[in-house]
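Here is a short report on selected strands and helices. Take a look at the model before reading on.

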Amino acid sequence: MKRHLTVLLALLTTLLVVQAPAHATPPPGDSATVSTSASPPVLSPTPYMGWNTYYALGGDPTAAEIESTADFLVSSGLRDAGYKYVWIDGNWAAPTPRSAAGDLVPNPAQFPDGLEPLVDYIHSKGLKAGIYTDAGPYIPGKCGLGSHGYYQRDADQFAAWKFDAVKVDYLCGIAADLDPKTVYTQFAKALRDNASGRPMIFNLCNPVTSPDWGNYPEEQQSTYSWSYAPAIAQSWRTYTDVGFVGEIKFKDVLRNYDANARHPEAAGPGHFNDPDYLGPELGMSDEEFRTQMTLWSVAAAPLVIGSDVRNLSKTSLGILADRDVLAVNQDSAALQAVRVGPAGTTETWVKRLANGDRAVVLLNRGDSPATLATKASSVGLSGSRFTLKNAWTNQVTESAGTISAAVPAHGAALFRVARATGKPGLPHVVAGLPQVTKVGGDTVPAGIAPVVAGGDQAQVEVDVRNDSPRPVFASRVELAAPTGWTARPTGTAPNLLMPGRSATFTFTVTLPDTAAAGSATLAATTSYEATGKKRLRQETATTLVVAPAPPHGDVALSHHDWISATSGWMTPTVDRSVGGWTPISLLGQEYPTGIGVASPSTIRYYLGDRCTRLTATVGIDDAVRNVGPEGGTSTFQVLGDGKVLFDSGVLDRDGTRQADVDLTGVRVLDLVVGDAGDGGYNDRADWAGLNATC
């Protein structure tokens, strides 16, 4: 979806981290039901796959760019992996998008030969072509084009141009206060009845959410589409955009996945919940993108790449084309995964496959590695022996009934689980990722990213568990640290590790005083013996944050290097309101120093027990006085080593608070901004005049 700049700026504060459970049936009190009075044509029995221009190319995509991308989809093997739809998103139409005769007109600067030759080129490559419009009337400044009043004419034109898919947005639909069910049903009929009789996939794209966009009736929101869309469309968006042009963050991937998981019963062969596009190298690490790919695959979601595939690394291309992962997504049962057990920092999700196997995800939302486990019985399988195929590593092991893995921070393990037969397989032994459990004498809380600094001594643990049906012998763990560091084992290794038992190998790791700030890797080699097998080895590694030097003297903390910093949209901005367009300003007073963020946000500093005082004025930036009254509420907290030292309570655009915090004894400082429970709409929050005495 291509927005004009005014629309994009209005939506930049979109943020609501959904912590909703998945339901196998509609939750109590939800009167909406999936309509079964009609069914759309089954044009794609399994989730369709492809590429879209919006996040990759933003505004003004050109025929040359699209042809080049089509060529790359072929040469890279992505087409043969299944990515066949080349989808032209918004801003393809001329500045005056409709001719005097009422026909849509492509922008001649972008498409000098029109759209039909481009579609022919796409088809010549063995690919399919998609196009974009809006269900509302054309309203300049709200959308690039609109089809309201022209549904049949536009459907006929798309078919005449030989498009295979149509994405129908709702930017001008909501601006015109239309009823989405009514207009989308009308558009669906127009597509089915097109004059050429051409089958075209209908992607229903209503991104409107409350409170992210403001306060809208339930029936106008994307979270309501599941109740009617399965009867008219091949896919429907289940929440707002997963990011912005050129930016997709992991927190928003999780938010959209959670919203998408609310109604798995709505999905099935030929009709799918759509959590939005895949975002490799748009702001996520490789591990985080691998997690997105895992979650989208078990969700039976359409797999549409949002990045410029021509510039992706081999790692990203490999993730996109992994055969075992794609097989889970393309499973013919087309069922969507549901969560097993409670929501939390770590979770288990299961998808039943057509042959009776289970695809099982062990998800770690936390900021530190964890060993996660569930039971085969919990995912609907019975028996005493099971094969576990790791979809990402291709390793096949045998378990006695526990499905387990060492999962990195922000990571996910994906197994295909089946009953085992025949000779015993490789034992399912989990070699844990090295985990810092103490720094100095302080315990590191579970799920929190540890911070080390030069001169520190840390306790590092590697857990090894045997979930196979047979014992393993002579377990050993070796830990390698960066040059200049020392890693000394403590304790003794067990000679025998029985089924269902685990052992913890502990090391004392000492950093030199001169340890460089940045990241450092601890690598563990775990080895063991099993009856009838040669000595087996597993390699695991964890990346640690090594803190910069602490502040010294009286400092503007915004000018000191932070360890990490997040913002609900864009990035934290030094000495300016978030985005950098205006100075930091609260209730008419400008501040020369500080940090501007959007909620939710966490900024982390290393103080190293060197500071005594923090002062700041906190509040909502005056920039939001130029927008509507919705949102603009946040909370501010100062945390020292995980303990709350200051809490502002809820602040709106007409209030500020003075923070004066004792930092004595604080090693790690967190500045946290929350959304006050109403989403991130208009939450441009400031830490103004942020000063530390050290």
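## Strands and a helix pair

Ser527 stands opposite Arg537 in β31. The model is predicted. Strand β30 covers residues 518-530 and strand β31 covers residues 536-546; the two pair in the antiparallel sense over 11 bridges.

Both strands belong to an open sheet of 5 strands, in the order β24-β31-β30-β26-β28. Pairing in this sheet is mixed. Its edge strands are β24 (451-452) and β28 (496-497), and each pairs on one side only.

Strand β40 spans residues 634-640. Of its 7 residues, 5 are buried, so β40 is largely enclosed by the rest of the structure. β40 pairs with strand β41 (residues 643-651) in the antiparallel sense. β40 also runs antiparallel to strand β43 (residues 668-674). In the hairpin of β40 and β41, 2 residues lie between the strands. There, Asp641 takes a positive phi near 50°. Gly640 stands opposite Lys643 in β41, and Phe636 stands opposite Val673 in β43.

| Strand pair | Bridges |
|---|---|
| β30 and β31 | 11 bridges |
| β40 and β41 | 6 bridges |
| β40 and β43 | 6 bridges |

Now the helices. The axes of helix α3 (residues 63-75) and helix α5 (residues 116-124) come within 10 Å and cross at roughly 10°. That angle makes α3 roughly parallel to α5. Ala63, Ile66, Glu67 and Asp71 of α3 make the contact with Leu118, Tyr121 and Ile122 of α5. Among the residues of this contact of α3 with α5, 5 are nonpolar, none are polar and 2 are charged.

Methods: Residues numbered from 1 in each chain as written. Predicted model: local features only at pLDDT ≥ 70, side-chain atom pairs only at ≥ 80, totals over all residues. Heavy atoms only, no water. Pairing = 2+ DSSP bridges. Helix = DSSP H or I, 4+ residues; strand = E, 2+ residues; numbered from the N terminus. Axes fitted to C-alpha atoms, helices over the stretch in contact; angles between N-to-C directions. Parallel < 35°, antiparallel > 145°, perpendicular 65-115°, else oblique. Contact = heavy atoms within 4.5 Å. Nonpolar A, V, L, I, M, F, W, Y, C, P; charged D, E, K, R; others polar. Buried < 20%, exposed > 50% of the residue type's maximum accessible area, 1.4 Å probe, protein only.
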